[in-house]
Amino acid sequence: MYTFGYFWLVILAILGAINSSQADLQLNFYAKTCPKAEEIVQDYVHEHIPNAPSLAATLIRMHFHDCFVRGCDASILLNFTSSSGNQTEKIAVPNQTVRGFDFIDRVKSLVEAECPGVVSCADIITLVARDSIVVTGGPFWRVPTGRRDGQISSASEALTNIPAPFFNFTQLQTSFANKGLDLKDLVLLSGAHTIGIAHCFPALSNRLYNFSGILGNQDPSLDSEYAANLKAKKCKTINDATTIVEMDPGSFRTFDLSYYTLLLKRRGLFQSDAALITSSTTLSYINELLQGSLLNFYQEFALSMEKMGRIEVKTGSSGEIRKHCAFVNS
């Protein structure tokens, strides 16, 4: 009996270690240590995002990119320093068009003034992403807190781990599975593209002018009429790195289902968008969402966002609570 009991104690200890990071996250984690923290974040978002609603899209993108590299630990915010010797995630190609770093810094300074050294930058990114979507009319999701900040940031890891806009279905499936996310999560989280914007170069330009590395080739999976319109009115040259294109044209300020409607019309902007209709499984999820209500989409999206916000989080004594989001504590 002793041996049997000991065996189960070991098993429970292992399971506990696996689940501890998620178990340590809890709603209102700062209720006693910084009771106004979430209110401060929400008030700042409510004051500023309505004046710059496009920032909501980049803030949720920041959250996504952060969680896919070393988990949701605010490693995306770290600047390069000579002491670390690492080029950080910020300068990696996938993050060169991410905006909102100053926004996070300003929120952090307000929270620090209220409760120095208590609230992590990782939690601030997560709360800001959620509140920004809500204030622009999108879905609400629960954000359990208690994340701690990472101390390592690597540009090469960002390039390896963040799903690229030219990924095919198999690459997307693998990338998401590596983070504990399934195909339903892939479809739902891609739905954030309903408020997204993108630069012509390089992801879209290659679909229009240099598909498969052949100059003059156009991606046959892209609706030809839509492609012609993009060439005529938006991405007029192959190397246009300044023009911005709406990912859900005509509806990009509204968090709705029209992104999925465009996918079925072969008008997804990226190859990774188009890839979602190349699998019978993901295509089925898309059709289910379109046949359902907007409320159903919001509820399903919320569940996937909560799941993403738990990826490889640091809790307890792991990591630190940074004083300044761009630098590890000295």
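Domain bounds are taken here from an automatic or database domain assignment. On this basis the protein chain comprises domain 1 (36-160) and domain 2 (163-309). The structure is a predicted model, in which local features need pLDDT of at least 70 and side-chain atom pairs count only at pLDDT 80 or more, whereas totals for chains, interfaces and linings use all residues. Residues are numbered from 1 along each chain as its sequence is written, and side-chain values use heavy atoms, with hydrogens and water left out.

The centres of domain 1 and domain 2, taken over C-alpha atoms, lie 23 Å apart. Domain 1 contributes 20 residues to the contact and domain 2 contributes 18 residues, contact being defined by heavy atoms within 4.5 Å. The size of an interface is often given as the accessible area lost when the parts come together. For domain 1 and domain 2 the buried area is about 1,700 Å², with 73% of it on carbon and sulfur atoms; this is the accessible area (1.4 Å probe) that two parts lose on being put together, summed over both.

One salt bridge is found across the interface of domain 1 and domain 2, the criterion being a side-chain nitrogen of Lys or Arg within 4 Å of a carboxyl oxygen of Asp or Glu. A salt bridge is formed by the side chains of R142 and E306, with an N to O distance of 3.0 Å. On the side of domain 1 that touches domain 2, helix α3 (residues 54-67) supplies the largest share, seven residues. Helices (H or I, at least four residues) are DSSP runs, numbered from the N terminus. By class, this side of domain 1 has 12 nonpolar, six polar and two charged residues, where Ala, Val, Leu, Ile, Met, Phe, Trp, Tyr, Cys and Pro count as nonpolar, Asp, Glu, Lys and Arg as charged, and the others, Gly among them, as polar.

Four disulfides are counted, each a pair of cysteine sulfur atoms within 2.5 Å. One of them joins C34 to C115, at an S to S distance of 2.1 Å. The link of C34 and C115 is right-handed, with 85° about the S-S bond. This pair connects distant parts of the chain, 81 residues apart: C34 lies in the loop between α1 (2-23) and α2 (37-48), and C115 in the loop between α4 (101-114) and α5 (121-135).

Most residues other than glycine have a negative phi, and most peptide bonds are trans. In the present model, F201 and P202 are joined by a cis peptide bond with omega of about 5°, and P202 belongs to helix α9 (residues 200-209). Positive phi values occur at N28, near 55°, and at S212, near 60°. N28 is located in the loop between α1 and α2, while S212 lies in the loop between α9 and α10 (224-233).

Definitions and conventions
Helix = DSSP H or I, 4+ residues; strand = E, 2+ residues; numbered from the N terminus.
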